[in-house]
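Q: I would like to go through this model with you. Could we begin with the strands and then turn to the side chains?

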Amino acid sequence: MPFVFPPVANSALPVAGSDQLFPVRRVFCVGRNYAEHAREMGAIDQADGREPPFFFMKPGDALVGGDGELAVAYPPQTANLHHEVELVVALRAGGANLAVDAAKELIFGYAVGLDLTRRDLQARAKEKGHPWDMGKGFDQSAVISVIQPVAQCGHPDSGRIWLTVNGQVRQDGDLASMMWKVADIIANLSQSVCLAAGDLIYTGTPAGVGPLLPGDVLAAGVDGVASLQARIV
């Protein structure tokens with residue numbers, strides 16, 4: 001049966017060392033998964049480990065990814081765009097109600113990503129008890145590097161995660177500081193949704209998030225995994 005108009009192609013990301021592309025299905029994000037970031041956002045219960053992880057989503061077509069310097073548009077309706085550098089997990093398979101011990105078998109690879117946030121819109125939504133969608137899920141809000149397959153980078157559970165803006169260090173943490181580790185995140189998320197091949201999971205950001213302006217040049221990386229460069233235009 002024909003479509004009423006041509007369907008939009010799914011987002012796809014390059015894979016390091018391959019001419020194949022990784023087809024993206026959904027983009028999940030973990031909120032406040034580093035204690036110091038939770039504290040800087042005023043989420044003391046989260047920082048003290050008294051609350052389970054929570055999740056939000058971005059549209060698949062919010063991704064900006066690839067090699068070289070990525071151009072990222074400064075979004076409308078904000079005067080306070082923030083950067084958040086994160087380890088990203090790319091799934092090759094999925095399932096529901098997964099055991100922690102089985103979670104790593106579902107992982108295709110890893111990347112470094114930027115969860116961009118319209119902090120002023122997010123703050124107003126929090127005050128009114130409204131969803132975060134317009135603060136988190138806007139166009140070009142999910143920046144991501146080339147995906148490194150597990151065969152090349154293993155399963156990183158420690159290592160430096162960092163971000164600079166115009167050459168100045170803004171965020172500098174370690175994956176070992178994640179309160180919820182990758183396997184725990186996958187297992188926990190699978191209790192709420194049935195995960196599938198093509199899903200991406202942004203795993204949270206260390207402390208040091210801050211504002212961006214048009215013209216800013218960002219560099220970010222997870223040691224032993226990937227790096228990226230982006231310019232706000």
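Predicted model: local features only at pLDDT ≥ 70, side-chain atom pairs only at ≥ 80, totals over all residues.

Q: How many bridges join β7 to β10?

A: β7 and β10 run antiparallel and are joined by 2 bridges. Within this sheet, H82 stands opposite T117 in β10.

Q: Let us move to β3. Is β3 mostly covered or mostly exposed?

A: β3 is mostly covered, with 5 of its 5 residues buried. V27, C29 and G31 point one way from the strand, while F28 and V30 point the other way, and all are buried.

Q: Which strand does β3 run antiparallel to?

A: That is strand β4 (residues 54–58), joined to β3 by 5 bridges. The bridge partner of V27 in β4 is K58.

Q: And what about β15?

A: Strand β15 (residues 200–202) pairs with β3 in the parallel sense, over 3 bridges. V27 has a bridge partner in β15 too, namely L200.

Q: What does I201 touch?

A: Not counting residues up to four places away in sequence, I201 touches F28, V30, L87, V88, V89, L91, I185, I186 and L189. Two of these, F28 and V30, point the same way from β3.

Q: Changing topic: where is N33 found?

A: N33 is found in the loop between β3 (27–31) and α1 (35–40).

Q: Is N33 buried or exposed?

A: N33 has a relative accessibility of 1%, so it counts as buried.

Q: What does its side chain reach?

A: The side chain of N33 reaches the backbone nitrogen of W180 at 2.8 Å. Leaving aside neighbours within four places in sequence, N33 is in contact with S177, M178, M179, W180, I185, T203 and G204.

Q: On to charges. How many salt bridges does a search of the whole structure find?

A: The search finds 8 salt bridges. One of them joins E84 and R119, with the closest N and O atoms 2.7 Å apart. E84 lies in the loop between β7 (81–83) and β8 (85–91), and R119 lies in helix α4 (residues 119–128), so the pair ties together parts that are 35 residues apart in sequence.

Q: Are E84 and R119 buried or exposed?

A: E84 counts as buried because its relative accessibility is 4%. R119 likewise counts as buried, at 8% relative accessibility.

Q: And the salt bridge of D115 and K136?

A: The side chains of D115 and K136 meet at 2.8 Å, N to O. The pair links distant parts of the chain, 21 residues apart: D115 is in strand β9 (residues 107–115) and K136 is in helix α5 (residues 133–136). Both residues are buried.

Q: What about D172 and R160?

A: The side chains of D172 and R160 also meet in a salt bridge, at 2.8 Å from N to O. D172 lies in strand β14 (residues 168–174) and R160 in strand β13 (residues 160–165), so this pair ties together parts that are 12 residues apart in sequence.

Q: How exposed are these two, D172 and R160?

A: D172 is partly exposed, with a relative accessible area of 47%. R160 is partly exposed as well, at 31%.

Q: Which residues do shared partners join into one network?

A: Salt bridges that share partners join K58, E84, D115, R119 and K136 into one network. K58 is also the bridge partner of V27 in β4.

Terms used:
Residues numbered from 1 in each chain as written. Heavy atoms only, no water. Salt bridge = Lys/Arg side-chain N within 4 Å of Asp/Glu carboxyl O. Helix = DSSP H or I, 4+ residues; strand = E, 2+ residues; numbered from the N terminus. Buried < 20%, exposed > 50% of the residue type's maximum accessible area, 1.4 Å probe, protein only. Polar contact = N/O pair within 3.5 Å; in protein donor to acceptor, adjacent residues only side chain to side chain. Contact = heavy atoms within 4.5 Å. Pairing = 2+ DSSP bridges.
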